[in-house]
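Here's a quick briefing to read alongside the structure. It starts with the charged pairs, then moves on to the interface and chain B.

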Amino acid sequence: MENALDLLALSPPGWGGNLLRGLWSTFQTTLHSMENALEPLALSPPGWGGNLLRGLWSTFQIAAGAYALGLTLGLFGAFGKIYGGPVLRGTLAVYTTVIRAVPELVLILLLYYLGTDLLNIALTSMGFERIDISGLWAGIYVIGFVQGAYSTEVLRGAFQAVPFGQIEAARAIGMSAFKAHWRIILPAMVPFAIPGLANLWLIATKETALLAVVGFSELALETKQAAGATKSYFLFYCAAGALYLLLSLVSTGVFSLVERHFRRGQPQQS
Amino acid sequence: MDWSWLPEYLPRFGEGLWLTIQLLFWSILIGMSLAIPIGLVQVTGPRPLAWLARGFTTVIRGTPLLIQLWLIYYGVGSLFPSMPGIRDSFLWPYLREAFPYAVLAFSLSVAGYEGEIMRGAFRGVPKGELEAARAVGMTPFQVLRRVWLPRALQNTFPTLTGEFILTLKATPLAATITVFEVYGIGSIVRQETYKIYEPLLFVAAIYLCLTGVLVLGFRYLENRIPKQTRS
């Protein structure tokens, strides 16, 4: 038995050393081939990783800008729906219904052409040159306009969730209508609005991918170009998916912190 | 506005509409059937399956549908031709078409979103009803089939309208992988007639009508289904 194990001794005449060396070189070649497989993702050219990260950054910029524009539109829309006359309310009802019923892809195309045409008509009539809107601003305006319809509904729901007694109390101690909104109603709306608004942010980040179909440069289009150039479709779409997932997981984390902050002092929900 | 192109292209819009409806129907059907086990294992376990289902819903809901669609069509689809023997198999005629990939991508998306809802629905069925079912001697499978699943499905019914509309609004993405449904036909018209607004407005009107039909149809169905009474 001992003789049999002697064959596995690490130094010659045993063969154990050879086995371990063999194992090590297998490990090295595996590692090397994995490195080769991931090479297209390298950050500097000829790798495309840098392009993907730049795409992620413009995705983030477009989403953030669109979200801010959507919130602004939503705030006006919500108060328009609550306090407006029949004409304003009717217009807003058409806006929120149509935007939420028609596919985003169709809306993005329509709004893009409509926006550039209207802007250029306005510019030429004032005697300026025609301009092309850059992808970033067009993306922000198009997605922001769509987001506005959804945030109108979220904010209107949040307004209606504020207990009426609080509004009455604010008026009763003599606050003007504006002050009552600024100091009481808006802060009281925030906790009710946050879950819906967090959801809207996630939708905005994912919706920017549709801009690739129109040809704006962001993560989805960069990925498509990289995948087409290298023919490693599977690798690049997985990588893009991972980046989007990272963005949404980090955002979810941030929003739960924000929600905890704004819910402080409120009774615990059961 | 010039609509003179419309009569010529109307039959193709009809074909596109039929393709859209097929996409919608199959995606919801397959997606809902996948959503039931995904929701169930997250409530009952076993643990590894629950984690798997949790991971699946997180990934599906955290990435854009367009990327999922392209990953499945270009990514997975490009792996098939290199597999030995697959060209001779009976699956090959289907694997060459784009339609099955679109249905697969949309179904997985529906399964991800609706699986999350099914999880809540399974958890929301009162414990007493399940205990009563077990007490009269039903096997676990009978409990599921006769009590748990019907009660959970009844609770998810209102969310189905939203799911149908969301999926309908996602179907234009299929045009990016050469499935020419309503939006795809609209793009063909735009390329062939050099008109921008008319085809887009026509397509938007079709989707608006489809959404309206879905909303009204489900409202009618919902009124016919006996409401759950909560005590």
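Across all chains, this predicted model holds 7 salt bridges. Some of them are worth a look one by one, since side chains of opposite charge can pair when their charged atoms come close.

**Within chain A**
- Glu153(A) and Lys81(A) make a salt bridge, with 2.6 Å between the closest N and O atoms.
- Glu153(A) sits in helix 6 (residues 135-161) of chain A and Lys81(A) in helix 3 (residues 49-83) of chain A, so this pair ties together parts that are 72 residues apart in sequence.
- Glu153(A) is buried, at 18% relative accessible area, and Lys81(A) is buried too, at 16%.

**Across the interface**
- Between chain A and chain B the count is 1 salt bridge.
- Glu104(A) and Lys169(B) form a salt bridge, their closest N and O atoms lying 3.3 Å apart.
- Both Glu104(A) and Lys169(B) are buried.
- On the contact side, 32 residues of chain A touch 32 residues of chain B.
- Together the two chains bury about 2,800 Å², and 80% of that is on carbon and sulfur atoms.
- Lys206(A), Phe234(A) and Tyr237(A) supply 21% of the area chain A buries against chain B, more than any other three residues.

**Within chain B**
- Arg54(B) forms a salt bridge with Glu116(B), and here the closest N and O atoms are 3.6 Å apart.
- That pair links distant parts of the chain, with Arg54(B) in helix 2 (residues 47-62) of chain B and Glu116(B) in helix 5 (residues 99-124) of chain B, 62 residues apart.
- Arg54(B) is partly exposed, with a relative accessible area of 36%, whereas Glu116(B) is buried, at 14%.
- Arg54(B) and Glu116(B) also belong to a network of salt bridges with Arg61(B) and Arg119(B).

**Chain B as a whole**
- Chain B has 9 helices and 0 strands.
- Its C-alpha atoms fill a box of roughly 70 × 50 × 30 Å along the principal axes.
- Of the 231 residues in chain B, 47% are buried.
- Among chain B contacts with a separation of 6 or more, 80% come from residues 24 or more positions apart.
- Chain B exposes about 12,300 Å², with carbon and sulfur atoms supplying 67% of it.

Terms used
Residues numbered from 1 in each chain as written. Chains lettered and ligands numbered in written order. Heavy atoms only, no water. Helix = DSSP H or I, 4+ residues; strand = E, 2+ residues; numbered from the N terminus. Buried < 20%, exposed > 50% of the residue type's maximum accessible area, 1.4 Å probe, protein only. Contact = heavy atoms within 4.5 Å. Areas by Shrake-Rupley, 256 points an atom, 1.4 Å probe, with all protein chains shown as cover. Buried area = accessible area lost by both parts, 1.4 Å probe. Salt bridge = Lys/Arg side-chain N within 4 Å of Asp/Glu carboxyl O.
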